[in-house]
Amino acid sequence: NDGLSHAPIWSPDGKRIASGSMDKTVRIWNVAGEKELMTLRGHDGTVSSVAFSPDGKRIASSSWDDYTIRIWDAQTGVELRVLRGGGSSISFSPDGRRIASAGWAGAIKVWDVETGELRASYGQYADAVAFSPDGGRIISAGRDSVIRVRDSTSGAELTTMRGHSGSINQVAFSPDGRRAVSCGAGDNTVRIWDAQTGTQLRVLPGHERGVSSASFSPDGGRIVSSGGDSTIKVWDAYV
């Protein structure tokens with residue numbers, strides 16, 4: 001790779017990796033053979049976020065062009081749809097029928113994947129967004145250091161989490177939906193939360209610079225994080 005990729009992600013079957021790039025493309029790699037399978041072209045700016053649908057059949061990408069989200073066939077590379085007015089962070093719902101987007105000082109938005117219709121707009125600024133495992137909630141966070149959990153249909157605020165100082169780069173639910181993880185650019189920490197009550201369960205210091213990503217392992221027992229200090233850390237996720 002050219003070192004300019006953004007937010008590489010695994011396909012659900014673990015056989016492929018997709019990443020966005022400053023060269024305006026999305027690249028798909030075969031993990032086993034370390035071979036580039038496809039290059040997806042269509043964006044007019046840096047690709048900031050990429051997501052596989054849960055069944056692995058589609059890829060969504062967001063870009064710094066005119067705030068577009070593009071949906072691609074993951075097997076053929078054919079562009080299926082363009083959503084305009086999206087954001088820098090995207091997440092598929094567990095059933096693959098919706099995409100949530102946030103970023104660039106815009107609202108949190110929920111889109112219908114099949115029709116491209118905007119189904120909801122919450123009006124809350126955020127930089128990071130993710131669906132819960134059951135699709136009923138959306139977690140978001142941004143520069144105001146507050147994490148919010150909302151009903152994914154109505155946008156009603158259910159829980160807030162406070163503890164970070166500075167902007168928050170990523171948030172995610174645990175596989176069972178009971179906990180959440182967040183990471184900060186301002187305080188260099190990873191934090192674990194009770195997703196129902198908003199109680200902070202654990203602070204994981206150790207990165208020497210801002211933490212750019214953090215996520216749970218599939219069994220929920222570990223957290224992997226990476227940051228500006230060029231390290232990847234694996235943590236015990238339980239208190």
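## Strands β22 and β23

In this predicted model, S226 has I232 of β23 as its bridge partner. Strand β22 covers residues 222-227 and is joined to β23 by five bridges, the two running antiparallel. Strands here are DSSP runs of E with at least two residues, numbered from the N terminus, and two of them pair if DSSP finds at least two bridges between them.

Both strands belong to an open sheet of three strands, ordered β21-β22-β23 with antiparallel pairing. The edges are formed by β21 (211-216) and β23 (232-236); each has a single partner strand, so one side of each lacks a neighbour in the sheet. On average, neighbouring strands of this sheet are turned by 20° against each other, direction ignored; the axes are lines fitted to C-alpha atoms, and angles run from 0 to 180 degrees between N-to-C directions.

## Basis of the model

Residues are numbered from 1 along each chain as its sequence is written. Local features need pLDDT of at least 70 and side-chain atom pairs count only at pLDDT 80 or more, while totals for chains, interfaces and linings use all residues; side-chain values use heavy atoms, with hydrogens and water left out.

## Nonpolar cores

The largest nonpolar core holds 13 residues, of which I139, I147, M161, V171 and A180 touch the most other members. Such a core is a set of buried Ala, Val, Leu, Ile, Met, Phe, Trp, Tyr and Cys residues joined through side-chain atoms within 4.5 Å. Two or more residues each come from β13 (128-131), β14 (137-141), β15 (146-151) and β17 (168-173). The largest share, three residues, is that of β17.

Leaving aside residues up to four places away in sequence, V171 touches A128, V129, A130, I139, S140, A141, I147, V181 and S182; contact means heavy atoms within 4.5 Å. Another core, of 12 residues, lies apart from the largest one and includes A172, C183, F216 and I223.

## Overall chain

The protein chain has 23 strands and zero helices. Its radius of gyration, taken over C-alpha atoms, is 17 Å, close to the 18 Å that the globule rule (2.2 Å times the number of residues to the power 0.38) gives for 239 residues, so the chain is as compact as a globular protein of that length. Along the principal axes, the C-alpha atoms fill a box of roughly 45 × 40 × 30 Å.

Of the 239 residues, 51% count as buried, meaning under 20% relative accessible area with a 1.4 Å probe, protein chains only. Among contacts with a separation of 6 or more, 36% join residues 24 or more positions apart.

Technical notes. Helix = DSSP H or I, 4+ residues; strand = E, 2+ residues; numbered from the N terminus. Buried < 20%, exposed > 50% of the residue type's maximum accessible area, 1.4 Å probe, protein only.
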